[in-house]
Every structure is written in structure tokens, then in C-alpha cells.
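Hi there,

Here is the structure I promised to pass on to you. Have a look at it first, and then read my notes below.

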Amino acid sequence: ADSYDENDVVVIGGGPGGYVAAIKAAQLGLKTTCIEKRGALGGTCLNVGCIPSKALLHSSHMYHEAKHKFANHGVKCESVEVDLAAMMAQKDKAVYNLTKGVETLFKKNKVNYVKGAGKFLSPTEISVDSIEGENTIVKGKNIIIATGSDVKGLPGVTIDEKRIVSSTGALSLTEIPKKLIVIGAGYIGLEMGSVWARLGTEVTVVEFAPQIVPTMDGEIRRQFQRVLEKQKMKFMLKTKVVSVDTSTDVVKLTLEPSAGGEQSILEADVVLVSAGRTPYTSGLGLDKIGVEMDKIGRIPVDRRFSTNVKGVYAIGDVIPGPMLAHRAEDDGIACAEFISGKEGHVDYDKVPGVVYTHPEVASVGKTEEQVKESGVAYRVGKFPMVGNSRAKSIDDAEGLVKVIAEKETDKILGVHIMSSNAGELIHEAALALTYDASSEDIARTCHAHPTLSEALKEAAMATYDKPINI
Ligand code: FAD
């Protein structure tokens, strides 16, 4: 017997899904243990995802602004240089402080933290091989699987995290590559491509599909691609990678049109494979207790996050739904609430998505393509950032706001924003969607002047009337 015998809840995985579920469960009075094998809390997001990428996006943006834009604002710099080691150190410090912060939150909320890899022995018993090399059994009445996701490789491409890197390697390069090829034009590839492009790397994005970020509203996506092209990012769409040759100093990629055709060779110092992420259940022993998985390895759950095995729940990247940290967090809260006998709630149709490039692209609700397909009559209101006085006053007016509302009722169906700070602006729209607001509700809400948020007000106005400032 050990001190973990009496757990009400055991969470496997300390990412944004798992650590939030553990804290919430403890706050609800449940005795809770969280098992994490990484040696640090915060999962993919804090350690090798959201946080380090945003740190590098900010630092590289500062460099780029200093080099190319400060002079326009009357700020003269004699010489602007990159100190990559210092940039990486600032990123590492941010990651360290945040992961340690979660550990403090565990202590504050009395969540037991076990450092090690967990494996099911039964639906109520987890064997943990601790980081120190010991084995413990952790027992719990309810188990939450929050083991997240891992990098999805490409057949025939071996990731060495030096020249052929995943997002993890791309967050820790020790030199600025002259040429970088990004395989996959999803948000992770575009964010990491932006970081290195700003630092002077020639970036080419190779994508199998005919478009970048397939989940994005088509009109916004096309404008977004043009913006990235202006930032000197090159795109090779409808192109597949046939093979990779690393036998010489440069990496050689053999490419072919997705539909077949003449092959070409593209060379680079570093290749980033960002072709998606895959649910992570390796070594968990799910087969031992009979937890079902779908064809692509995700764990199906019901609305209470319960798997097919009683008392075993799953949340976050390891289950179907948008693979995003805030979604995993909301799953975690709702799952803990259900376990404690309360109601929980997450609406996957209203999860905002943000690409943290510059400008940022953020959206919530349906794209115009999805609305069209649903057959609902709709109206679109748009407002370009060049009409927004705050954006103009700071010389940062690239982008637009697009509001899609139901024609008959004016109910907002989707909002898409490309603008600086779009990731912050989108939450007004998320709230509006949550409350089934009409676009007129937003338009009649007094917005402070001069703010970027006024662009959303004007786009909302444009769905049923005319905007003022354009
Ligand atoms: P994870 O964060 O993957 O955590 C799972 C944890 O479980 C891991 O720490 C793992 O070590 C642990 N684990 C696995 N198996 C076991 C086991 N058997 N025993 C013990 N522990 C185990 N999302 C956003 O919302 N915004 C962003 O800006 C963003 N940027 C990203 C940038 C990059 C480069 C990447 C890769 C991802 C990004 N994401 C972003 C996605 C986000 O990181 C994930 O959606 C999120 O981390 C999922 O949370 P999770 O808790 O489900 O799983």
C-alpha cells in the first residue's frame, strides 16, 4: 500500500488538459494525483508548443520591427543584430518559469504529483515507472487519460532534430539557417516559418493540399497567403515530398506535383516536418483494459468524456476535436465537474483558432464555406483594417474583419479576423457566439476609440447596414 491508495481521481499526463483537470478536481474536493513522465508539467503546450513558439514569435517580431520599421517611427538604431543564444535563453526562461508555476499551483491545490510514465494494470490501478527508476502503483476510483499528442512523421523522412526537425527542433536551432523548407502549411509550420523568415532565413513551404491552413475561411486564407508572400515566404502548394537525401552538406528534397508529374529538387540547410500531430497512447496499456480507439488512434468519448470503460475518462489532444490547448483545458474542467457529479460543458463549435503570425489570424464559428454548405441564407459584413484609425495611427493596418450572420435572424455564425492582435480581438466574437448574439448586438455595443476592436463593430454593422469609416 502507498499514499496514493485513496485517490478519487488520477490524471495521466500533465499537459493543459491534465494539469487543469487535476487542479479542478482537487478544487472540487476530490483527492487527486497527476502522473507526468516528462519531468516537467505543462505538456506539449508549455514545453515544446504554444509557449516557446510564442516567445520566439515575439522576439523575432521585435528584431524584424527594429530592423525594418523603427526608422519609419523616428527611432534610429545604428545596427540591429540577432543574438540567437540570448533569444533562446529568454524562451527557455519563459518555459521554465511557467512549468514551475504549474508545480506551485499543484502544491497550492494539494494535487499529488508523480513524476513517471503511467501504464494501466486495471481500470483503477496505474503502474508508474518513476523518473528515478522506481516502480509505484497509483490507485484511483476515476482515471483521466490526458496523454496528448506527438509529432506525426512522414513516411521515408527520419527526423534527427538537427537538419530534419520537428517543431521541437525548430524551436531550438543553434544557428539561423540560410534556407528552411517547411513541409506542411498548417498553423505550426507557418508560425515556425515566420520566426526564421524574420531572422533572415529563406523559407519555402511545401504543401500537398491546394491551400494553406485548410480549416480557415477561404477569403481570409487567400489574403493571408498573399501577406506571407509579401514577407518573402514562398509556397509550393499541390506538391508532395517524394524523398529526402541527407548524404551531403545540404538536404535535398525530391518533390513532385501531388497529382503526379515531373519531379524537382529543392535544397535547404534545415527541413521542418510539420505535417500534423497524432494522438499519443504508446505504452499506456489501453489494450490491457479494453479502451477502444478509432482508426487514427484517438480515444472516442461520450459527452461526459467517459471512454467505453467505466471510470476511465479521456480529454485533450488524445480524443477527437480541435487539437488546441484551450480546448484541452476546457475538457479538463468539464471532465472534473462530471466526475464530481456536477454538469460540465464544452462547445467544440465555438473554440477559437489563432495563427500567431504577424498579422495574426483568428476565427471562431463557421467559415463562409461551411455556412454555404449548410444551406442557411447569410450575409457577410467586412471591414478592412486600413479603415481603422488605431491600426493606421500605429502603421499596422494589414488585414480585415469578416462577420457572417444568418440572413433572417442576424445571428452571428462566424467571425474571422486578420489583424495585429487578432488573437485577443476574437474573444468578443466568441462571447457573442456563446450568447447567440446578433451582429447588430455587437454593432450597438459602444466600443472605445481608437481601438482595433472598433473594426469588429464596423464589420458587424456592415452585415445589415453600411460601415462608417470606409
Ligand atoms: P499534451 O500537452 O501533449 O500533454 C500530454 C502530456 O502527457 C505530456 O507532457 C506527456 O509527457 C504526458 N504523457 C504521455 N503519456 C504518458 C504516460 N504514459 N505517463 C505519464 N505521462 C504521459 N495550441 C494552442 O491552443 N495554441 C498554440 O499557440 C499552440 N501552439 C503550438 C505550437 C506547437 C509547436 C505545437 C507542437 C503545439 C501547439 N499547440 C497550440 C497545441 C497544444 O500544444 C496542444 O493542443 C495541447 O498541448 C494539448 O494538451 P493535452 O493536455 O491534451 O496534451
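Around the ligand there are 36 residues, the closest being Gly13, Gly15, Gly43, Gly148 and Gly316 (a residue is near a molecule if its C-beta atom, placed from the backbone, lies within 6 Å of it). This is a predicted model: local features need pLDDT of at least 70, side-chain atom pairs count only at pLDDT 80 or more, and totals for chains, interfaces and linings use all residues. Residues are numbered from 1 along each chain as its sequence is written.

The elements that each supply at least two residues of this shell include helix 1, strand 2 (32-36) and helix 9 (325-339). Helices (H or I, at least four residues) and strands (E, at least two) are DSSP runs, numbered from the N terminus. By class, the shell has 15 nonpolar, 17 polar and 4 charged residues; Ala, Val, Leu, Ile, Met, Phe, Trp, Tyr, Cys and Pro count as nonpolar, Asp, Glu, Lys and Arg as charged, and the others, Gly among them, as polar.

Helix 1 (residues 16-27) also packs against helix 4 (residues 84-109), at an angle of about 20° and with the axes 9 Å apart (axes are lines fitted to C-alpha atoms over the stretch in contact, and angles run from 0 to 180 degrees between N-to-C directions). The two helices are therefore roughly parallel, a label for angles under 35 degrees.

Finally, 5 strands form an open, parallel sheet in the order 7-14-8-9-10, where strands pair if DSSP finds at least two bridges between them. Its edge strands are strand 7 (164-165) and strand 10 (234-236). Strand 8 (residues 179-183) pairs with strand 14 (residues 270-273) over 4 bridges.

Best wishes

How values were computed. Parallel < 35°, antiparallel > 145°, perpendicular 65-115°, else oblique.
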